[in-house]
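Visitor: I would like to learn how to read a model like this one, feature by feature. Where should we begin?

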Amino acid sequence: MFKKYRILKGIFIFIFSLVVIVVSFGLWFRTLIPPRDSEIASTLTNELPYLSENPIPLRGKILAVVTSTDTMGISGKVTGYELTELARAYYVFKANGFEVDIASPKGGKPPVVIDDEDMGAFDYAFLNDSIAQYKTSHTIPVEEIVAEDYQAIFFAGGKGAMFDFPDNKTIQSIVKNYYQSNKVVGAVCHGPSALVNVTLDDGRPLLENKKVSGFTNKEELLLISDAQSIFPFLLQDKMIAQGANFNEGAMYLEKVSHDKNLITGQNPWSTWHVAESMIMQLGHTPKYREKTDEENAVHILTTYKTSGKQKAKQMLEDMLIDEKKPVNRVLIAQHAIIGVMKGKMGSFSDLIGLVSFAKKCESKKLKK
């Protein structure tokens with residue numbers, strides 16, 4: 001009896017200690033995440049130097065296309081276009097002298113996905129921009145697009161694109177004609193689903209032997225384990241089946257492929273680069289833009305993946321203290337959690353260490 005009591009007591013102490021450790025870690029972890037800027041949601045375009053200073057004269061027009069689909073097949077999961085992918089590309093085009101029209105398969109007001117954790121100043125400015133909001137509420141039906149009016153087309157992502165982009169004959173026709181006439185075709189994340197069923201005049205798939213990127217199988221399946229039964233296909237598989245040379249980068253980090261007038265990006269974090277690459281392909285040097293805190297965090301994470309923790313730590317110190325550039329600690333912490341989801345506890349430990357180090361660097365910067 002006494003022995004049984006000691007065993008139960010030991011189990012209780014172990015569980016209690018584990019709970020204390022988990023709670024303590026959770027409280028400490030929360031101290032690493034900076035409070036959200038309460039004023040960021042009220043950002044206006046005239047408060048962003050990239051948009052308000054040194055305007056570039058009108059150079060032409062670019063068409064952005066978003067999904068009209070609000071549900072992922074029969075799963076009941078809500079979807080739409082990703083606001084960040086549209087907003088950031090929209091402002092790159094605008095800042096570089098291009099008027100932007102927005103279209104969707106059905107026209108009108110398409111469903112939108114807004115993830116608060118990913119929202120930055122440009123995204124909130126887009127929500128507060130009356131012209132941009134009018135365009136997103138009155139999108140042009142793709143059947144009514146006057147293709148000759150535009151110098152380039154951009155397909156924003158959002159999982160809904162997997163359902164209404166691939167088999168849309170109007171989209172296929174526009175993409176084919178743009179590509180063959182050397183107009184610029186850009187797409188990001190799930191946006192490249194607009195390219196998978198395009199056949200050129202010579203009977204070959206557009207994607208055949210093209211270096212392209214898009215949302216990867218690993219990225220899709222980590223967050224939606226039953227994606228293969230929800231979507232009509234996995235984007236990476238479909239692009240490869242069409243003969244593409246799929247250019248896969250690290251999960252949830254920037255990766256852009258530029259193959260002549262075809263420019264594609266892997267995920268939302270590739271949007272800035274895709275849009276600026278489209279400007280370059282149109283024959284212009286992109287207007288200078290201060291990198292966002294999210295982009296700087298992506299740079300740190302990429303350095304960690306390729307060169308290790310110490311190199312990333314040194315880059316963090318240089319960026320935060322010497323160069324006084326902002327770094328999004330939340331994004332680094334999110335990648336630490338991704339490490340746990342993938343069963344890579346070493347990665348989790350390293351990245352949490354980087355988040356903690358970033359906080360210390362920011363404290364030093366404030367004291368200077």
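Guide: With a definition. A surface patch is built from residues with over 30% relative accessible area and no salt bridge, and nonpolar side chains are joined into one patch within 5 Å. Keep in mind that this is a predicted model.

Visitor: Which residues form a nonpolar patch on the surface here?

Guide: Val112, Ile114 and Leu127 do, and together they have about 200 Å² of accessible area. Take isoleucine 114 as the example: its relative accessible area is 38%, so it is partly exposed. Isoleucine 114 sits in the loop between strand 4 (112-113) and helix 4 (121-127).

Visitor: How much confidence does the predictor have in the protein, as mean pLDDT?

Guide: The general rule is that where pLDDT is low, the predicted coordinates should not be read in detail. In this model the mean pLDDT is 91, and 90% of the residues reach 70 or more. Residues 16-25 are a stretch to treat with that rule in mind: pLDDT stays under 50 there, and the model has one contact for them beyond four places in sequence.

Visitor: What are the pairings of strand 3?

Guide: Strand 3 pairs with strand 1 (residues 60-65) in the parallel sense, over six bridges. In that pairing, lysine 61 is opposite glutamate 99 of strand 3. Strand 3 also runs parallel to strand 5 (residues 140-141), to which two bridges join it; there alanine 103 has isoleucine 140 as its bridge partner.

Visitor: Is strand 3 (residues 98-104) largely enclosed or largely open?

Guide: Count the buried residues, where buried means under 20% relative accessible area. Six of the seven residues of strand 3 are buried, so the strand is largely enclosed by the rest of the structure. Glutamate 99, for its part, is partly exposed at 26% relative accessible area.

Visitor: Which strand pairs with strand 6 (residues 152-155) over four bridges?

Guide: Strand 7 (residues 184-188), again in the parallel sense.

Visitor: How many salt bridges does the structure hold?

Guide: Side chains of opposite charge can pair when their charged atoms come close. The structure holds 12 salt bridges. In one of them, arginine 88 pairs with glutamate 294, with the closest N and O atoms 2.7 Å apart. Arginine 88 is in helix 3 (residues 83-95) and glutamate 294 in helix 12 (residues 293-307), so this pair ties together parts that are 206 residues apart in sequence. Both residues, arginine 88 and glutamate 294, are buried. Arg88 and Glu294 are also linked with Asp123 in a network of salt bridges.

Visitor: What is the salt-bridge partner of arginine 289?

Guide: Glutamate 276, with the closest N and O atoms 2.9 Å apart. Arginine 289 lies in the loop between helix 11 (271-281) and helix 12, and glutamate 276 in helix 11, so the pair ties together parts that are 13 residues apart in sequence. Arginine 289 and glutamate 276 are both buried.

Visitor: And which residue forms a salt bridge with glutamate 99?

Guide: Lysine 94, with the closest N and O atoms 3.7 Å apart. Lysine 94 counts as partly exposed, at 33% relative accessibility.

Terms used
Residues are numbered from 1 along each chain as its sequence is written. This is a predicted model: local features need pLDDT of at least 70, side-chain atom pairs count only at pLDDT 80 or more; totals for chains, interfaces and linings use all residues. Side-chain values use heavy atoms; hydrogens and water are left out. Buried means under 20% relative accessible area, exposed over 50%, partly exposed in between (1.4 Å probe, protein chains only). Two strands pair if DSSP finds at least two bridges between them. Patches are made of residues with over 30% relative accessible area and no salt bridge: like charges are joined within 9 Å, nonpolar side chains (Val, Leu, Ile, Met, Phe, Trp, Tyr) within 5 Å. Accessible areas come from the Shrake-Rupley method with a 1.4 Å probe; for residues, only the protein chains shown count as cover. A salt bridge is a side-chain nitrogen of Lys or Arg within 4 Å of a carboxyl oxygen of Asp or Glu. pLDDT is the predictor's confidence in each residue, from 0 to 100. Contact means heavy atoms within 4.5 Å.
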